[in-house]
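Student: Hey, could you walk me through this one? I'd like to click around while we talk.

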Amino acid sequence: MRIRFLIPVVTFVGIAVMMWYALFNLNPTEIPTELVSRPAPEFSLEPVPGYGPGLAQQDLATGKVILLNVFASWCVACMAEHPFFMELKAQDTVDIFGLNYKDTPDGAAKWLARHGNPYKRTGMDLKGRVGIDFGVYGVPETFVISPDGKILDKIIGPVSPDMFESRIRPLLNEAGS
Amino acid sequence: MVAEIGQFVLILALITAIFQGVFPLIGAARNSQPMMRFANNAAFVQFAAITGAFICLTVGYITSDFSILNVANNSHSLKPMLYKISGVWGNHEGSLLLWSWILALFGLAVAVFGRNLPDSLKARVLSVQGLVGVGFLMFILFTSNPFERIDPAPLDGSGLNPLLQDPGLAFHPPFLYLGYVGLSITFSFAIAALIEGKVDPAWARWVRPWTLAAWGFLTIGIALGSWWAYYELGWGGWWFWDPVENASFMPWLAATALLHSAIVVEKRDALKNWTILLAIVAFSLSLLGTFLVRSGVLNSVHAFATDPARGVFILMFLIVVIGGSLLLYGIRAPMMKGGGLFAPISREGALVLNNLLLSTATATILLGTLYPIFLDAITGAKVSVGPPYFEATFIPLAIPLIIAMAFGPFLAWKRGDLAGVVSRLKFALLLSLLLVGVIWWQQTDTPIMALVGLGLFGWLVIGSLLEWTERIKLFRGPLSASWRRMTQLPRSAHGMTVAHIGVALVILGITASETWQTEHLGVMRPGEIVSVGGYDFRFDGAETVAGPNYDAVRGTFLASTGIEKGVYLYPEQRRYSDPPMETTEAAIRPMLSADLYAVIGEEDGKGGYAVRIYHKPFISWIWIGAFVMFLGGALSLSDRRLRLGAARRARQQEAAVKSLEGAKG
């Protein structure tokens with residue numbers, strides 16, 4: 001066996017190891033560092049009709065860690081995380097605010113009536129302007145907000161119980177202690 | 001019910017694929033005819049089963065069955081039928097089903113047309129093909145099931161991304177997959193050859209048409225994708241060196257190299273190990289592309305919804321397929337017998353140079369694509385490697401490649417005469433220098449790269465035509481003799497000339513549009529006129545119009561040179577309702593000399609609109625060139641020497657004689 005014929009496979013092993021590492025340890029969708037620990041952008045929105053008070057920048061500084069969930073009635077992936085949010089609400093684990101993104105008031109209200117309302121406050125971002133300030137590029141997205149209204153982290157895609165334990169729970173504990 | 005049938009036949013396909021992967025391989029080792037022949041039947045059943053699954057999913061889309069999660073996520077009852085159907089493969093799960101279907105289709109093609117292949121080789125090829133199928137079907141069934149149900153079913157689907165509701169994009173993935181999967185056949189042949197321990201010219205005669213076909217489909221697929229980006233994204237760009245674009249470009253480069261090295265194997269029985277390695281690498285790059293897009297390792301505008309479980313599965317699959325085949329190569333390749341010898345200056349030598357440059361280009365693109373991952377892994381820094389890197393590395397490799405492209409076909413096999421070739425090409429050199437001189441004289445501040453690009457265009461076109469006229473001895477005797485020679489020339493020779501000219505046209509399009517593009521960006525009020533690229537663009541205002549499932553602001557521009565009657569351009573800014581999304585519909589007037597390209601944006605509140613107007617000289621030639629390249633490939637594929645099924649023993653001998661003649665000529 002001549003060594004030079006093994007060069008391709010050795011090269012590939014190197015690439016595979018790197019990818020393996022990347023898959024488990026890196027996240028390309030991680031929030032860009034410049035948004036973290038910055039105050040949330042300024043905004044003020046009307047609530048979804050019939051669902052709690054509206055939502056504005058100053059409402060986010062609640063003295064405890066909260067979640068700001070971007071949702072829409074047209075978003076099927078939102079249905080995946082919704083039951084878990086209902087559970088969080090029932091257990092009173094964390095307060096969740098809902099940012100209704102590029103939706104209609106009627107559609108959002110019907111959706112919440114049908115699937116239940118996990119949100120303390122809701123705000124309707126009908127044209128998606130606030131979403132732009134938050135850097136939303138897909139629904140659902142969930143922001144973790146600090147007691148003084150700063151962005152601590154952002155989760156892209158549905159929040160799963162696993163993800164809650166690994167990414168959100170530590171932030172809750174940190175603030176609680 | 002449809003979903004359950006689909007699910008069932010998909011499981012059936014998986015079981016068949018497992019059998020197809022195992023039994024013929026054992027049969028070939030034990031020389032058992034029944035076990036080897038089983039491969040044919042298995043290939044047929046596998047194809048029928050996946051066809052069934054594909055039909056089931058398509059029925060789900062056509063009937064808007066939103067109880068299927070995949071349909072609910074990607075379709076909408078109001079969507080036009082064409083896009084309901086293209087929605088079948090416009091998502092992660094469906095596109096994988098299409099992948100597997102094409103894989104099974106090509107496997108069936110080998111089973112049906114490969115009657116003249118040695119039994120053991122055919123059994124091994126089909127078996128490898130079956131094993132690749134096992135990987136894909138398991139991936140579909142365990143991580144990306146297109147037939148998953150949703151309860152309760154939504155009243156309507158969440159719609160397909162309106163950006164993707166476009167004819168260019170409806171057919172972009174199928175062509176790309178035909179190309180990717182076509183390379184799986186050459187991969188299977190390479191692995192079978194490694195197991196058998198021998199490669200003969202008959203092997204190359206099989207590998208070449210499959211490579212050609214895969215290459216042709218990839219060319220069309222990539223061209224459609226870049227055309228779509230050009231007119232739909234509204235940035236006026238057509239290539240962004242995005243990881244996903246690179247993922248399709250790398251297999252294309254590798255396939256181009258493979259195409260050329262397979263000629264050497266066929267005609268001269270040399271470069272065998274290298275060709276096998278290229279076949280493995282080309283398919284590996286296709287798989288790597290799939291991985292990069294779907295695993296979530298790299299972020300891209302094209303990325304499908306990602307899921308870590310999928311990433312793990314794909315990576316395991318890649319390690320088994322790529323790692324396994326490269327290891328097999330490392331062990332078996334040294335035992336292959338070498339073939340004919342040749343001098344560095346020869347047709348073979350030119351093809352080796354072509355291969356070196358193409359594979360270096362592939363490697364630099366791979367490095368640029370993976371570099372952000374490496375850097376992130378080692379230092380934690382997030383970077384994106386953009387066009388500057390790719391242009392700085394790719395162009396210096398492309399220039400010698402193109403210079404050699406005109407030289408190569410003139411060189412004789414085994415030992416060429418460089419001085420003779422130079423003297424025959426001096427006409428091309430002279431003319432292309434003249435072209436550069438004229439352009440420089442017209443405009444002395446022309447960027448140097450533009451002069452280089454146009455010089456290369458002239459060199460390649462004239463060089464290719466000279467070679468062609470030489471072959472048919474045009475003007476060196478009666479025209480009737482030349483005509484006879486032309487009709488007798490193998491179609492693959494015509495194909496080469498056409499494909500090389502296609503490359504030259506692409507160079508022309510890129511160089512001219514990059515160099516002489518003019519643009520106007522800014523706010524325009526109705527009645528205002530701006531001059532861009534020799535055209536006066538008059539803005540006639542904008543109005544709101546309603547489309548079937550969107551509202552749009554439509555602007556009206558009149559572009560005229562003052563001599564002819566002008567043309568109207570109607571760019572739109574569309575707002576879709578389901579899902580809420582805005583898209584830019586650029587208005588493009590394609591002409592052979594230039595494209596006029598207009599985009600309308602937001603109103604500024606004072607009656608003006610943000611507009612972008614471009615004049616892009618010769619840009620259409622990029623896609624015309626790509627199509628000409630495809631035509632060259634198709635012409636070459638239609639060569640009777642390579643035609644599938646046209647290879648009974650007698651004809652094979654005739655072909656061998658012909659190719660000998662071709663080798664002399």
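Student: Where does Asn31(B) sit?
Tutor: Asn31(B) belongs to the loop that joins helix H1 (2-30) to helix H2 (33-62) in chain B. Helices (H or I, at least four residues) and strands (E, at least two) are DSSP runs, numbered from the N terminus. Keep in mind that this is a predicted model, where local features need pLDDT of at least 70, side-chain atom pairs count only at pLDDT 80 or more, and totals for chains, interfaces and linings use all residues. As for labels, residues are numbered from 1 along each chain as its sequence is written, while chains are lettered from A and ligands numbered from 1 in the order in which they are written.

Student: Got it. And what phi does Asn31(B) have?
Tutor: Its phi is positive, about 60°, although Asn31(B) is not a glycine. Most residues other than glycine have a negative phi, and most peptide bonds are trans.

Student: Then is the bond from Asp151(B) to Pro152(B) cis or trans?
Tutor: That peptide bond is cis, and its omega is near 0°. You'll find Pro152(B) in the loop between H6 and H7 of chain B.

Student: Let's look at those two helices. At what angle do H6 and H7 of chain B pack?
Tutor: Helix H6 (residues 119-143) and helix H7 (residues 167-196) of chain B meet at an angle of about 125°, and their axes are 8 Å apart. The axes are lines fitted to C-alpha atoms, for helices over the stretch in contact, and angles run from 0 to 180 degrees between N-to-C directions. H6(B) and H7(B) are therefore oblique to each other. The cut-offs are under 35 degrees for roughly parallel, over 145 for roughly antiparallel, 65 to 115 for roughly perpendicular, and oblique for the rest.

Student: Which residues of H6(B) and H7(B) make the contact?
Tutor: On the H6(B) side they include Leu121(B), Val125(B) and Val132(B); on the H7(B) side, Phe189(B), Ile191(B) and Ile195(B) are among them. Being in contact means that the C-beta atoms, placed from the backbone, lie within 7 Å. Sorted by class, the contact of H6(B) with H7(B) has 8 nonpolar, 4 polar and 2 charged residues. Here Ala, Val, Leu, Ile, Met, Phe, Trp, Tyr, Cys and Pro count as nonpolar, Asp, Glu, Lys and Arg as charged, and the others, Gly among them, as polar.

Student: How does H7(B) pack with H8(B)?
Tutor: H7(B) and helix H8 (residues 201-232) of chain B pack at about 155°, with axes 7 Å apart. That makes H7(B) roughly antiparallel to H8(B). Their contact divides into 21 nonpolar, 8 polar and no charged residues.

Student: And H13(B) with H15(B), parallel or antiparallel?
Tutor: Helix H13 (residues 387-407) and helix H15 (residues 448-471) of chain B pack at about 20°, their axes 8 Å apart. That makes H13(B) roughly parallel to H15(B). Ile399(B) and Ile403(B) of H13(B) take part in the contact, as do Leu456(B) and Trp459(B) of H15(B), among others. By class, this contact of H13(B) with H15(B) has 9 nonpolar, 2 polar and no charged residues.

Student: New topic: strands! What joins S3(B) to S4(B)?
Tutor: 9 bridges do, and strand S4 (residues 550-560) of chain B runs antiparallel to S3(B). Two strands pair if DSSP finds at least two bridges between them. S3(B) and S4(B) form a hairpin with 3 residues between them, and Ala542(B) stands opposite Gly555(B).

Student: What about S2(B) and S3(B)?
Tutor: Strand S2 (residues 529-532) and strand S3 (residues 535-546) of chain B pair in the antiparallel sense over 4 bridges, with Ile529(B) opposite Arg538(B). Their hairpin has 2 residues between the strands, and Gly533(B) takes a positive phi near 60° there.

Student: Last one: what order do the strands take in the 5-stranded sheet of chain A?
Tutor: That open sheet runs S5-S4-S3-S6-S7, with mixed pairing. Strand S5 (121-125) and strand S7 (151-156) of chain A stand at the edges with a single partner strand each, so one side of each has no neighbour in the sheet. Inside it, strand S3 (residues 66-71) and strand S6 (residues 141-145) of chain A pair in the antiparallel sense over 5 bridges, and Val70(A) has Glu141(A) as its bridge partner.

Notes. Two residues are in contact if their C-beta atoms, placed from the backbone, lie within 7 Å.
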